[in-house]
Amino acid sequence: MAITINPRATWGQYAPWYLQKHASDPPEASKNPAWHGDRGVFLHYLGPGSTADLRTEEDCRKEIAEVYLQHKTEGQFEGDIAYNYLVCQHGHIYEGRGEQRGEGNGGEADPIDGRGRNEGFYSILGMIRSDDVASEAMLRAIRDLIGHLRHHVNPHTGKTAGNRILPHSFGYDTDCPGNLHMYARPGSTIDPSVPWRAPADIYVHRTQKWVNETYDKAPGYVICSETGYTGWNTVLALTQGLQHELGISPTVQTFGPGTFNAVKKRRVMPDRESNDNLLRLYNGALWCKGYWASPFLFGWGEDSQSSLQQLYGDMGLNYGTVQQSEAMWPHVLKSLLRMDQFRLVPGGDPHIRAIQQRLNSRYVQDIGIPAMSLVPCDGIYSRDVQQGLMMAIQYELGIALESINGYFGPGTQTALKGRGSGTLSGDLRYLFRAACYFNSPTYTANGQTTYLPADISTDAQTGTHLVWLQSFQRFSQIPVTGHNDYTTWAQLLVSSGDVSRDATGCDCITEITPQRGRLLKANGYHIVGRYLDEHLAPGDEGYLGKALKPGEPQTILDAGLRFFPIFQYNGTELGNFTRDKGYDQGKKAHQKAVEHGIGSGTCVYFGVDYDATDEEITSHVVPYFNGVKAGLAEMGGRYTFGVYGSRNVCIRVSKDAGARWSFVSGMSWGFSGNLGFPLPENWSFNQIHEYEFQAGWGLDHNIWRDGSDPGVSAVGQE
């Protein structure tokens, strides 16, 4: 790793004249034969105060010379500066002792192997003081320096640095390294073995440190990571702290009805709160949400109160009178102690945010739907927003408050077929159009059509709304009525849509015999999905016998049907999704398809048969499909590949790995990957319903999109 390390002479010139030669000369060889530096690094800082006076690079070099003079004068560091390397706020790295023995680590021996801290670890000084926060330039430079030490063989020891990153305070009574504490650990953003991450927040770190120190003995408490980054483990730790202060024991990592009711019963807003720890929790929660609050968590000043009122407004709520703000406080606090965001995030849509705020204002604050929580107001259509929208629609359809649950059940379906399919006006029309906007853009033969934001709140028919709605209906392959009929409502609200609608596609794990083929054809099916292989052997307790049988493809074709091939090995387990397994399975799918005489150009669908999160799609699923692509390519590129999974899986794999077609698991409408995501542009099949076609013969009912994947119409031919 190529980095620039400024030699001692760059700062040695600022030492007193009688020390300039020693300060500027290369570092002296270590007198300690035990020096190896192979355990890792310790981080240090300059001590109390501020480095506001270190404005220029010359200022920083003069400061290093001052550190050198102090250490040289004290005579306890072998007559030299104590640190191996020093890094300034401008991102420059300076040589101290260089690759020689460090003296700044002090303290007891390393508890892991008993070796001295100065013998086993490099010492790196970050040039900040207690009032300072490390700049991004400093953090990147420290990261690069650590990477260099891990890869560069020290010519004096023959070793590279180990992977440990520790604060000077580790096992030692000192405040050092100040605000670098949150980075002084493996896995932080200065660790070159993990991806770079933006600088942490010192106030979040302060919150994490305080909540752990205060509640680590509370029954049930789970310590959160002191990283300076907000995450679920932090807000849940704050939730447990809240429960402890409210007398709930043992504490649990959920803000459930018991916690909600305890806050409601207390009826004390922060500006009237006398419990200091509750105020610290509230201030910490505001910091974790990105709002300014008390820097040291104590008390409830103007900054905290102003931020709380701003939060109410960002949520779409009226802070208003004491009664109004107090009534919403349990909801607000619950949302504070989640990862929901209430300001527009990068990539967020301000029009979606306006809908989110209206959902909160009308249906949580004004109407008070019992089952409804505040939805995020970040401009992103998500699962929680979809649930809030569903509850709002249920209310406007006339469903009783106590029966509203956000579930697309029989009562909601009946109401949509009745009142929902009539002429809409007012709030119900607004919600229908909000659902249209959430499902935008839709696609036509000429490209995409985006829903016009101005149409959302327009309580009248418009030509632009009608054009979009008809395009959406056509793209979704439902009747093009231009009306808010039940089938359209269902398609807007759940990934399965109207499960009673006719479909010409299906898939199953059962062999298609001549009789079964004729039955499928007689019942309106034109194409059937079948599995190329099964990862379990006959006799295994999980064996299903789902693979295509010899001669079965021709049997399907003889019945007047087409078929499309599916490949799935352990598709329900995250561990299946690695690049290597995708590579192997891509080659296996090729071999099986060739065995069955399936022609070149056919799309094989590889299954992701579980609710993969967005993070898992990035870390596992996309690499798996890149492996599939590589495996198919190595076998000559005879076949293309498609993806089976939730809408989000299909969208991401198509975009990031190049899947040709998407086979959407729409019937799994409760999957997070199906809530808040539109149909993929390249969808070919939408699996909407599972049922028993005949006794012992289960079938999945699939919408086969016109003009999409043609499937297999002949075998044994090129």
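## Structural report on a predicted protein model

The protein contains 22 helices and 16 strands, where helices (H or I, at least four residues) and strands (E, at least two) are DSSP runs numbered from the N terminus. This is a predicted model, in which local features need pLDDT of at least 70 and side-chain atom pairs count only at pLDDT 80 or more, while totals for chains, interfaces and linings use all residues. Residues are numbered from 1 along each chain as its sequence is written, and side-chain values use heavy atoms, with hydrogens and water left out.

### Overall properties

Taken along the principal axes, the C-alpha atoms fill a box of roughly 100 × 70 × 50 Å. Of the 718 residues in the protein, 54% are buried; buried means under 20% relative accessible area, exposed over 50%, and partly exposed in between (1.4 Å probe, protein chains only). The accessible surface of the protein is about 29,600 Å², and carbon and sulfur atoms contribute 50% of it; these areas come from the Shrake-Rupley method with a 1.4 Å probe. Among contacts (heavy atoms within 4.5 Å) with a separation of 6 or more, 63% join residues 24 or more positions apart. The protein carries 62 positive and 77 negative charges, whose mean positions are 3 Å apart; Lys and Arg count as positive and Asp and Glu as negative, without His and the chain ends. Each charge is placed at NZ of Lys, CZ of Arg, CG of Asp or CD of Glu.

An open sheet of six strands has the order β1-β4-β3-β5-β2-β6, with mixed pairing; two strands pair if DSSP finds at least two bridges between them. Its edge strands, β1 (5-6) and β6 (164-167), each pair on one side only. Helix α5 (residues 136-151) packs on this sheet and touches β1, β2, β3 (85-87), β4 (93-95), β5 and β6. The direction of α5 makes about 155° with that of β3, the axes being lines fitted to C-alpha atoms, for helices over the stretch in contact, with angles from 0 to 180 degrees between N-to-C directions.

Ile146 belongs to helix α5 and is buried, with a relative accessible area of 2%. Beyond its neighbours within four places in sequence, Ile146 contacts Val41, Ile124, Ile165, Ile190 and Pro192. The C-alpha atoms of Ile146 and Ile190 are separated by 7.8 Å, although these residues lie 44 residues apart along the chain.

Gly158 is found in the loop between α5 and β6. Because its relative accessibility is 52%, Gly158 counts as exposed. Gly158 and His36 are 122 residues apart in sequence, with a C-alpha to C-alpha distance of 8.1 Å.

### Strand pairs

| Strand | Partner | Sense | Bridges |
|---|---|---|---|
| β2 (residues 40-44) | β5 (residues 121-126) | parallel | five bridges |
| β10 (residues 527-531) | β11 | parallel | five bridges |
| β14 (residues 662-664) | β15 (residues 683-694) | parallel | three bridges |
| β15 | β16 (residues 697-704) | antiparallel | eight bridges |

Phe42 stands opposite Ser123 in β5. Gly529 has Phe564 in β11 as its bridge partner. Strand β11 (residues 562-567) is largely enclosed by the rest of the structure, because five of its six residues are buried.

Strands β15 and β16 form a hairpin with two residues between them. Gly696, in the turn, has a positive phi of about 80°.
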